[in-house]
Amino acid sequence: MVKKKQKIILPPDLPPEVPDEEVEVSDEDLDFVDQHSDYANFMSKIDTPSLTKHVSRVADANEGALELLYEKKLRKKLENKEKEENTLEVDPIDALPLKTADGQLYYRRVKEPKEAAEESGESIKDPALVKPTKAEKRLKTKKLRKEAKKQAKEEEVQQTPQEEVLDEVKKDLTAEEANEKKKYKFAELGTTLLADPESNIRLLKEMLEISKDGDSTIVILGLKSLLAVFKDIIPGYRIRLPTEKEQEMKVSKDVKKMRFYESTLLSAYKAYVQKLVALQQQTVYQQVATRCLCTLLAAVPHFNYHESLLAAVVKDISSQDDVIRKLCCSAVKSLFTNEGKHGGEVTVEAVRRIAELVKSHNCQLHPDSLEVFLSLSFDEDLGKPERSDMDKKAKYKKFKKRKGSEESNQKPENDRKKSRKELMSKTREEVNADYKAVSSDQDPQERRKMQSQTLSAVFQTFFRVLKHTVQPRSEGSVHGAFGSHPLLDPCLNGIGKFAHLIDLDFMADLMQCLRKLAGNGNKSVDSSDNSSCQLTVSERLRCCIVAFKVMRNNLDALNVDLQEFFIQLYNLILKYQPGRDDGDLLAEALKIMLCDERQHDMQRAAAFIKRLATFALCFRPAESMAALVTVKHLLQKNAKCRNLLENDAGGGSVAGAIAKFQPQVLDPNLCGALASVLWELNLLMKHYHPSVSSIASTISTMNANTNQVFRVHASPQQAYTELVKENESFATPSAIKRANKRKGSNSASVQGSDLNSSGEIDENVVRSKLSEHFALLRDINENERLRSEMDLTRQSLNLYETFKKKRKTRSD
């Protein structure tokens, strides 16, 4: 049979073409297109030729066959529907029903294989199929490619859950296990580095990378591990990296290995120091970073980047955190005491940085920041002037003349011997220069130069503190976090320690400043109440002590009148308070100013004896003991003052120029103490403390016999410290009596009221007494509350009355 050609369905005809001239466009259409120009752009992109070609293709002009085909398909659909409803029951594919054109609802069901095959065969045998064009084939290939890509993506998506599961498993590992691994890694790397640093120097960078972890415990462990490694492997010299010319030179393998080792060590050490300085600003790592910086500075102050370490440590030397401040101070003290590690260069730099810190903070720092200067040590001959160049030249000329005269007496030498001598002198100079470069001993001239620079910076800081303290302050001035004058005490201690090294040119200014501070910033003694410096009694006592130390250490070169310091001490004795002021300073002032080997004026000695005896009546046994020991010293040195022990009329007025004792006079030379009697000793002999009473009785047994010699048993400082230790376990009689009375009253009350017939405490009685006691307390509190309310109402009434009066006056 000859197969018939497959017919193609005719598409509908195109609409009739209308010429552009006949098309009428209204203004509304133009406005609409202008407003929606973005939506109208697609019309310009329409491919009209392809649409025309697709619609106008013609295969057969028989249009009735198309209608018959549609009717046949519709009949088959109806028959199939009836069969499915009658015979075949299949679950609906879709959850919702479909609606036909007639308005009927039905469910789409699964077809049997036979029906599907028949429909497929009919569709194949159906002659009314449209042949696909090239454009349609291209679209199909594109769709197939897109579907293939989608399938590949879906396969990838199906594979990604496996990776997500692995990630989740990794995340599920506990932080403790990860930290333990890192800890073991630190231990392994550190042990390997310490075993052979030159071969394993690369491991330093790995340790630095691990220590960048976000966990604080790992970071702290890394910092400590690196600190231990660096302390052990850092050499005893400062590393100098080779220059470009040196790198271009050919060297051996050992030199290359050493250069690589030094450069890697230096870069890792630099990164470690920078990390410590950065972590020092964070509160979590502040203490750990400061500890590492201080340890490195104390262990390797000679190594590179010690300037960064020193700057970071000195910056926190006055921190309000006690731990950080103590760490920084101890590190700086170790620099001052162990100058052999760095040769004194770091000491000079540290002192200068501290001086700049004091200047920038206007002397408002913690006292520990200046107490580190007390750890400095200077050579004893540093204060002595060097020999001048003129003296050296003169001695050299004398030596040359003497040598020339000796050579003139000898025979002239030949040229060979002269050249030999010159060669020997040159070789000696070269050997001496090499020995200085190799030996660890420092050049005496360089050491003297560095110590003089250090000393000048120290005294510059001390004088700045004194000048700042002397300056008057206004009433509304706000004190710093460490007090009004926090650096005065360490400054005075430092001046007292290094007083023998002070230049004599500054001595007059120093004594004038100390005199002003001892007088509390006042030029005259009479204006002591209107103080401008507002120093405490202890600080003023310290100023007097430092003035006497400076005078004693420079006794050969000074001729200073210390009368004003005696006046200040005479007045400060009455201003002393045991709980507020320092008793050690008072005892030290009495020892240095009154008890040391020094002959006093008779009037002054008698005034201090009388003042100290009065002082001993009013204060604690330790202060009284120090005062009485000083009285004993003064009476032993000044025999005429023993007339104060006599009970004659007028006392010792026979030996004095002033006939009447005036205790209110501020100058001890003008008070006329020789005209008085030490009647205080009679009361001190009855003191409750046995040591005070015994020394008072010993003093009272002295007489005016000049040949009588007494032995000094202790200084005021020793007596004060011994009695302070003894008073810790000593109970006063009044305290014992009060304790006994309290015990007796408590026992009597318990026996009389709280004990029942069987000897046990009656709980009902105790409960009733406690209830009465707390009821009374409640009544007292209620009365106080009512009284306060009554006061408030009274004030409000008074205010209202005043308001009414003012209003009435205004209306009048």
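What follows is a short account of the cavities and of the residues around them.

This is a predicted model, in which local features need pLDDT of at least 70 and side-chain atom pairs count only at pLDDT 80 or more, while totals for chains, interfaces and linings use all residues. Residues are numbered from 1 along each chain as its sequence is written, and side-chain values use heavy atoms, with hydrogens and water left out.

The structure holds 2 cavities of 30 Å³ or more, where a cavity is a set of points, on a 1 Å grid over the protein atoms alone, at which a 1.4 Å probe fits but cannot get out, and lining residues have an atom within 4 Å of a point. Points are joined across faces, edges and corners, and a volume is the space filled by probe spheres set on them.

The largest cavity has a volume of about 90 Å³, and of the 13 residues that line it, Glu 339, Gly 344, Met 450, Gln 451 and Thr 454 are the closest to its centre. Helix H15 (345–360) and helix H19 (444–470) are the elements that give two or more residues to this lining, helices being DSSP runs of H or I with at least four residues, numbered from the N terminus. H19 gives the most, with 4 residues.

What is the make-up of the lining of the largest cavity? Its residues divide into 4 nonpolar, 7 polar and 2 charged, with Ala, Val, Leu, Ile, Met, Phe, Trp, Tyr, Cys and Pro counted as nonpolar, Asp, Glu, Lys and Arg as charged, and the others, Gly among them, as polar.

The second largest cavity contains about 40 Å³ of space, and its lining residues include Cys 363, Val 465, His 468 and Pro 486. H19 again gives the most to the lining, with 3 residues, and the division here is 5 nonpolar, 5 polar and no charged.

Terms used
1 Å grid on protein atoms, 1.4 Å probe; cavity = no way out; pocket = protein on both sides within 12 Å on 5 of 7 lines; lining within 4 Å.
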